[in-house]
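Okay, thanks everyone, let's get going.

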Amino acid sequence: MAWVLIVCSLVLVWVACLCKILHGSSSPLRNSFLNTGGAFHKRNVLLVIAHPDDESMFFSPTISYLTSTGHNLHVLCLSTGDADGKGNIRKEELYQACAILKVPLQQVKILDHPDLQDGFGRVWNHTLLANIIEEEIMSYGIDSIITFDYYGVSGHCNHHDVHYGVCKVLTDASQGNIEAWELVSTNVLRKYSGPLDIWLSVLHAMQQSGEVMHCLLNQHPQKSFLAMAQHSSQWVWFRKLFVAFSSYTYVNTLRKI
């Protein structure tokens, strides 16, 4: 009998968390990110990722926020994810996922550079990354960048390198007006707590100044599932479980770099 009560309690908490997400538009936390002084100002935002599917697995709450609030989002994917020889397939899958996420396809760029190939143990040159990112900034008038933090959620070495490539851009005096944000990595328990993590994420963000940290709730988590499903070459059982139970499907905490 006790285990039935525990299961019922968990289900009720899960439903409460989903309700919180679906009504997140009323939260001041949602509407303040990238809005100076509370007034809306359209930003040219560059999301920098390492592989196709990073956008759907990790950044979908952020993408949902940016597209729904009218910001101009560009996606720069620094590899085709060709570790298993499926780079061309994964490239097309990224375009399909971005269509689901309402990112204009002409604003999605996927590189296949010989020195930026997917794989554990493949170290990417930070200067090369910085030069590529700077070209995107200049080409599209980018004023805000979003990327991984130093751990990169999963600990993948390519995620680390993308973070440090962005940091190198920020040290360039000519890019001093660029605002950059990193996706905060959490511990394993929080990472796989699904929507339950929104309470800790919101509390953590509220304890910080709005100038340095923001919590973004995903009001359309079903869209994250649909977007990730477009990555059919990667849509195996353990990734289906990841998207269902990952807190990154439901909430993103962004910290200013």
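So, which residues do ring pairs link into a cluster? They are Phe58, Phe59, Phe148, Tyr192, Phe242 and Tyr248. Keep in mind that this is a predicted model.

Stepping back for a second, the protein chain has 11 helices and seven strands. It runs to 257 residues, and 51% of them are buried. If you take the contacts with a separation of 6 or more, 82% of them come from residues 24 or more positions apart.

Back to the rings. The structure holds eight aromatic pairs. Take Phe59 and Phe148: their ring centres sit 5.1 Å apart with the planes at 70°, and anything over 60 counts as edge-to-face, so that's what we call this pair. Where are these two? Phe59 is in the loop between helix 3 (54-57) and helix 4 (60-68), while Phe148 is in strand 4 (residues 144-148), so the pair ties together parts that are 89 residues apart in sequence. Both Phe59 and Phe148 are buried.

Now another pair, Trp237 and Phe238. Here the ring centres are 5.7 Å apart and the planes are at 90°, so this pair is edge-to-face as well. And are these residues buried or exposed? Trp237 counts as exposed, because its relative accessibility is 63%, and exposed means over 50%. Phe238 comes in at 43% relative accessible area, so that residue is partly exposed.

Conventions
Residues are numbered from 1 along each chain as its sequence is written. This is a predicted model: local features need pLDDT of at least 70, side-chain atom pairs count only at pLDDT 80 or more; totals for chains, interfaces and linings use all residues. Side-chain values use heavy atoms; hydrogens and water are left out. Rings of Phe, Tyr and Trp (its six-membered ring) pair if their centres lie within 6.5 Å; planes under 30 degrees apart count as stacked, over 60 as edge-to-face and the rest as tilted. Helices (H or I, at least four residues) and strands (E, at least two) are DSSP runs, numbered from the N terminus. Buried means under 20% relative accessible area, exposed over 50%, partly exposed in between (1.4 Å probe, protein chains only). Contact means heavy atoms within 4.5 Å.
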